[in-house]
Amino acid sequence: MLIGREHERRELFAVVTGVREATGAALVLRGPAGIGKSTLLADLVRRAHAEVRVLPAEGVESEIELPFASLHQLLRPLLAGLPRLPGPQATALRAAFGMDTTAGTDRFLVALAALGLLSEVAREAPLLLVVDDAQWLDSASADALVFVARRLGGERVAAVFAARDGARPFAAPGVPELRVCPLPAESARLLLDRSLPSAAPAVRERLLREAEGNPLALRELPGALSPGQLAGRAPLPEELALTDRLQQIFHYRASDLPTGRGDVLLLVAAENGGDLATVLAAAEAPAGPRSEGGGAAGATTGGYGSGEAAGPTAAGRWGDGAAMGTLCAAASAGLIHLDQQRVRFRHPLIRSAVYQHATLGERRAAHLALARALGTADDRHVWHLAAATVGTDDSVARLLGEVAGRARRAGGVASAARALRRAAALAPSPRDTAHWLIEAADCAWAAADPAQAEALLQEAESLTADPGPRARAARVRGAIAHASSDPALACSILLRGARPVLGSEPELAEELLVMAARSAWVANAPARLTEIADLLERPPADPANGTAGMDSTTERSTRSETAGTAERITESGTAWRSTGAGATGRSTESGAGGTSSACALAGQLAAHFRHLGSLAPRETADGVRPPPLPARDVERDRMTWLSAEDPRPWVWPPVFLPCLMGDTEGMLDAHRAAVDSLRAKGAAGALPMSLAPLVALQLATGQWPDATTHGEEALVLADGTGQLGAAAHLRAMLAWLRAARGDSAGCRELVEDSLAVSMPRRIASAVALAHWAMGLSALAERQSRHAAQALGEVAAARGPAAHFMVRWLVLPDLVEACVRCGEPERAGAALREFEERAVPDRRAHLRGPWLRCRALLAPGEEADALFRGALAAPWSSPFEIGRVHLLYGEWLRRARRVKTARAHLHQALGYLGTVGALPWAELARQELRAAGDRTTAEPPTAADPARSAGSAGSAGSVVSVGLTPRELQITRLAAQGLSNREIAARLFLSPRTVGYHLYKVFPKVGVTSRSQLYGMTFG
């Protein structure tokens, strides 16, 4: 019976009680070392064992470098259920566990597979996951298990973690916590009285005072005292602190073992994974020669030295089969727990005390022995070699680089970063050190640790002035700034990195320049696009491509930005996780043909960027406004950035740019292919940056249900991976969709969330899109003056939401708002600006919006001709052409041409009702009633969901039937005919969770079976 832990025991068992009722939950026990967390877990397992199946796991400090090691420990008994999972999930889990070396591993897919596997197995019996020492979980396992813990609602699975304070942090946001506090004074006294009834009263009081309610200290401190001290016959030590003093006490316990036996405990401490076979193999085998096997491994001995490190200590003291006897003696002394597979210290502090008390030579000898026992096929072999290395050793550094590569492919980017940092410490030259540090920074950035990445980059840049490494550092630094800080700053960083390598490494330079162009577009910096075009057009052999080509003015203007980069990036928080792939979208080719192709692509991109830069309104020194440069036919060439074989959607083009340049359909197909390819590869981390422009294109073409589904899916992923820029754009686009459908409250909430991210980071394109959504929402609510204000802030050259090209998107709404609120002069000024920069009479895709704007401002018969011209122009969106019919119908009714007005208003109602644009559809009904038409049906309401949805296969729209965002997302996919398993794979849920949500959805939407959902459109 535990003393003083009644509250904790009730809270823990409540988790088990809930899992029997399919209301899975998770809980994290937190507290300092020795506070009783492991004892509480053991008590829970004992009480729950008869009711649930227990899956135990324990974090091990030595395995934090091994991706998914702890997850494998937990799920190993369930691997027979892998065939029940969707193919990509099963493949990802096999790859993570080393069962399939042909496929890469995406951490989101692995986490989803773990959730799905637990859900499937829990059908047979409820499951309880018990994870002790969670602070030592490898980062990949920790992320996966926290992902699972946050999604256990509706599952027959519960999870309990125990994590120690003051150690490596175990972050579990969204998971309930229970703090295990020190024992109350009376409970601590009772515990000590039971364990030490014969101690003198003064000794007990001193122990109670020193232990401060820590159960481990109450058990361990008396063992450090002599019988005379316990009886009060000998004085107690001056101070017995719980932290450092406890480590000294633990080593004192180890020193009581017979002479020489502590060396075996040092092996256990150095191995630290609890693998008994490895410890015994290292202890029993004689020390090998300094070169062990040749090749890279054999070349690592240069930094070890010889003699005392690998000599008689290993062979003499650890030989002759005495190791097991030593371990048994240590177990009898209460220092370790020992069974047939594992050996582990009773408490991590004991391990730390044993390891730290050893000399450097003794620790090196232990690591060398363990490396020999493991063999070169095990990554732990490399870690032990690195731990044994003194000084520098390039061979070991390269082996660590290989370990990092394997870890990264398995999704363990944090482990890869640690390996690369160690490789940097062992590198023999500053250039090599800088190389490993930059690679480590890239991994740290991918692991959503921008502060660590920035620190590594600063250290690397201090070691080398070589343009190549500094350009690679700029690539990482620029990506961090773009995603989590300021795209204008990112552009400057990327340009500074690209200029010095234009001649020496053109591929790298082009990659940085295209990344800079994206940042410039997002930051509303058209002049930068022209500057990038100039750089792309420089001949590769031009000597001016070097650092001398960078003029002193630009040098001075960017130097001050660099000084504050670290601080601003560090403060910006978690950011987008890089995929680590190249960004140029073309292969590196050798020979004249490859150079010619590369130059051609660079020239096409330069012309494209130069054209975009010329579209912004500007004046020369003498007040002349130069016209925009003619557009070259480069749109199809830009599709190479979205190759289905190697999609790189995070580079170019930005969201909505294809709509503005007239390549909507072509780029829509390219983005679909890219998304399909990423899904097939299980590349969940890259999906937000691919789905965001796809959502924009689907909004522009009236594919609103698909846009909603993809947008909500991408937003979940973007938030989960810290991709702040993508998240801000997605929220703004979903807000626009809410506005078009009449959900002003939902629009306002999304706009506020988007602007909270985009405004302080100057993500100008996202700010402009959010203001567009606000303006459209105001138009839908008949608040024309408010709409004109919000939209005017985008269209004005120096407005708070200005963007030199997004203004083209908002122009039709701005003109309509200005006309409706009686400000035609303002509308005319905006239209003239658009005509000057966009030249809409030469761009077929802009002709319809342009004529619609002119018609609203034109008098009499001229307006009639312009409306008819607008209707004859090509339109890609039912929403936009429906609004043209609506505006024309309004104009015709006011001109007393009632019969013709009715025809256009009916067409408007059809188009607008199809996409679910309820405010505009209602306006069409009002106009029809004003025109004497009484045949129109009343609009559907939230209180009539069955009517809103229509019959199976109809194009009706459920606007609001009390569905949660997750329920709405799942219902849309089910209506498209996807199975529970397919929906689960799409949304990173378990099939059981999908079924749980659909079960609650049916009565809300007025259906009784899944088949009735098919073909419905949900708003």
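Predicted model: local features only at pLDDT ≥ 70, side-chain atom pairs only at ≥ 80, totals over all residues.
Me: Is Asp-133 buried or exposed?

Reply: Start with the cut-off: a residue is called buried under 20% relative accessible area. Asp-133 has 14% relative accessibility, so it counts as buried.

Me: Which other residue has a positive phi although it is not a glycine?

Reply: Arg-762 is such a residue, with a phi of about 55°. You will find Arg-762 in the loop between helix H37 (744–761) and helix H38 (764–780). Arg-762 has a relative accessible area of 48%, so it is partly exposed.

Me: Now the sheet. How do strands of a sheet pair?

Reply: They pair through backbone hydrogen bonds, and the pairing can be parallel or antiparallel. In this model, 5 strands make an open sheet with parallel pairing, in the order E2-E3-E4-E1-E5.

Me: Which strands stand at the edges?

Reply: Strand E2 (53–58) and strand E5 (177–179) do; each has a single partner strand, so one side of each lacks a neighbour in the sheet. From one strand to the next, the twist averages 15°.

Me: Which strands pair with E4, and over how many bridges?

Reply: Strand E1 (residues 26–31) runs parallel to E4 and is joined to it by 6 bridges. On that pairing, Gly-31 has Arg-164 in E4 as its bridge partner. Strand E3 (residues 127–132) also pairs with E4 in the parallel sense, over 5 bridges, and here Val-130 stands opposite Val-160 of E4. To get from E3 to E4, the chain passes through helix H6 (residues 139–149), in a β-α-β crossover that is right-handed.

Me: How many residues of E4 are buried?

Reply: In strand E4 (residues 157–164), 8 of 8 residues are buried. To read a strand, look at its two faces in turn. On one side of E4 are Val-157, Ala-159, Phe-161 and Ala-163, and on the other Ala-158, Val-160, Ala-162 and Arg-164; both faces are covered.

Me: What joins E1 to E5?

Reply: E1 and E5 run parallel and are joined by 3 bridges. There, Arg-30 stands opposite Arg-179 in E5.

Me: Let's finish inside the helices. What does Ala-473 touch?

Reply: Ala-473 lies in helix H24 (residues 467–484). Leaving out residues up to four places away in sequence, Ala-473 touches Ile-438, Leu-457 and Glu-461. Ala-473 has 0% relative accessibility, so it counts as buried.

Me: And where does His-885 lie?

Reply: His-885 lies in helix H44 (residues 878–894). With a relative accessible area of 5%, His-885 is buried. Not counting residues up to four places away in sequence, His-885 touches Leu-871, His-904, Gln-907, Ala-908 and Tyr-911.

Conventions: Residues numbered from 1 in each chain as written. Heavy atoms only, no water. Buried < 20%, exposed > 50% of the residue type's maximum accessible area, 1.4 Å probe, protein only. Helix = DSSP H or I, 4+ residues; strand = E, 2+ residues; numbered from the N terminus. Pairing = 2+ DSSP bridges. Right-handed = clockwise from strand over helix to strand, strands pointing away. Contact = heavy atoms within 4.5 Å. Axes fitted to C-alpha atoms, helices over the stretch in contact; angles between N-to-C directions.
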